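Here's a quick briefing to read alongside the model. Have the viewer open and click along as you go.

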Amino acid sequence: MTSTVRLDLNMAFLAFTQNPSNTYIMEIRTRHFRSILVTGIPLREMTREQMENFGRKDGRGQMKKAEPTVVKLMVTLEELYNGCIKKMTVKHTAFDKDCQTTEIKEKTLTMVIRAGFREGASLIFKEEGNQGPNVIPGDVIFVVTALEHPFFRRKGINLHHTEKIHVGQALLGCVVEIPTLDKRILHVAITNIIKPDYVKVVRGEGMPDSCNPKGKGDLYIDFDIIYPDKLTRKERIDLEAALFREGEPLKILT
């Protein structure tokens, strides 16, 4: 059976030299060179089983695809907020010029990070990965991974920040300065008494929404209240006068 297949192919290639406009022969010739590229085996040397696996319509048929190459793409929160272009060089196995042996090659891939991209998002480069005999080249998948930020925590499209303030500011009010990811300074006025569970929400100062160009999250500010390590007797008396009503004195400890 194998010899019959090879004979038919040899006759087809011979017919091509006599009638190069023959559409069927053109298809055979195209499949011949594609088989070398994908499998490393010339079409005329394939067994019937190999030909069936190679496929007759798209040159691939039931062939397996190489496993994807998964790479972490490390980005800063500033890059995710503003958007950026990242380039990364990856190594992969590929056929040499003789289409028979493989070698390690490098390729630089360019990725567009849209403003608001979320951690875990995937950027897929089809068939840019490892190649080998009898397999389709695998994909290269970049997984967006955010670096830890010293000031903000991201939750979805919202940003969270913990501001340290003294107990006097918590009681009397204050203005806190928040540096944004696009290099602005927010002056946020706090007029309420800040209790341990108090959260100040600044609308529209969170992350951009990559699915909605006009959408934006919010900024949530919670507070870490700093208390003094000790008070003088005079400070205790002054606090008693300021905080406790007449008739409800605080017993001053010496």
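Is Glu127 buried, partly exposed or exposed? Glu127 comes out as partly exposed, with a relative accessible area of 29%; buried means under 20%, exposed over 50%, and partly exposed in between, using a 1.4 Å probe and protein chains only.

A couple of ground rules first. This is a predicted model, so to speak: local features need pLDDT of at least 70, side-chain atom pairs count only at pLDDT 80 or more, and totals for chains, interfaces and linings use all residues. Residues are numbered from 1 along each chain as its sequence is written, and side-chain values use heavy atoms, with hydrogens and water left out.

**Overall picture**

- The protein has six helices and 15 strands; these are DSSP runs numbered from the N terminus, with helices (H or I) of at least four residues and strands (E) of at least two.
- Of the 254 residues, 35% are buried.
- Among contacts (heavy atoms within 4.5 Å) with a separation of 6 or more, 52% link residues 24 or more positions apart.

**The core**

- The largest nonpolar core holds 35 residues; such a core is a set of buried Ala, Val, Leu, Ile, Met, Phe, Trp, Tyr and Cys residues joined through side-chain atoms within 4.5 Å.
- Strand E15 (residues 219–226) gives this core its largest share, four residues.
- Domain 2 (64–146) and domain 3 (152–226) both contribute residues, so the core lies between them; the domain bounds come from an automatic or database domain assignment.
- Those with the most contacts inside the core include Ile194 and Phe223.
- Leaving aside neighbours within four places in sequence, Ile194 is in contact with Ile165, Ala170, Phe223 and Ile225.

- Val144 sits in strand E7 (residues 140–146) and counts as buried, at 1% relative accessibility.
- Val144 and Val75 are 69 residues apart in sequence, but their C-alpha atoms are 7.0 Å apart in space.
- Beyond four places in sequence, the residues that Val144 touches include Leu73, Val75, Leu80 and Phe117.
- Tyr220 belongs to strand E15 and is partly exposed, with a relative accessible area of 24%.
- From Tyr220 to Lys200 it's 20 residues in sequence and 5.9 Å in space, C-alpha to C-alpha.
- Lys200 is also one of the residues Tyr220 touches, with His160, His161 and Val199 among the others.

**Positive phi in loops**

- Glu127 has a positive phi of about 55° although it is not a glycine, and Glu127 lies in the loop between strand E5 (122–125) and strand E6 (135–136).
- Lys183 is another non-glycine with a positive phi, near 70°, in the loop between strand E10 (174–179) and strand E11 (185–190).
- Lys183 counts as exposed, at 81% relative accessibility.

- Leu171, Leu172, Ile193, Leu231, Leu239, Leu243 and Phe244 make a nonpolar surface patch of about 680 Å².
- Helix H5 (167–172) and helix H6 (233–243) each supply at least two of the patch residues.
- Leu172 is in helix H5 and is exposed, with a relative accessible area of 77%.

Conventions
Patches are made of residues with over 30% relative accessible area and no salt bridge: like charges are joined within 9 Å, nonpolar side chains (Val, Leu, Ile, Met, Phe, Trp, Tyr) within 5 Å. Accessible areas come from the Shrake-Rupley method with a 1.4 Å probe; for residues, only the protein chains shown count as cover. A salt bridge is a side-chain nitrogen of Lys or Arg within 4 Å of a carboxyl oxygen of Asp or Glu.
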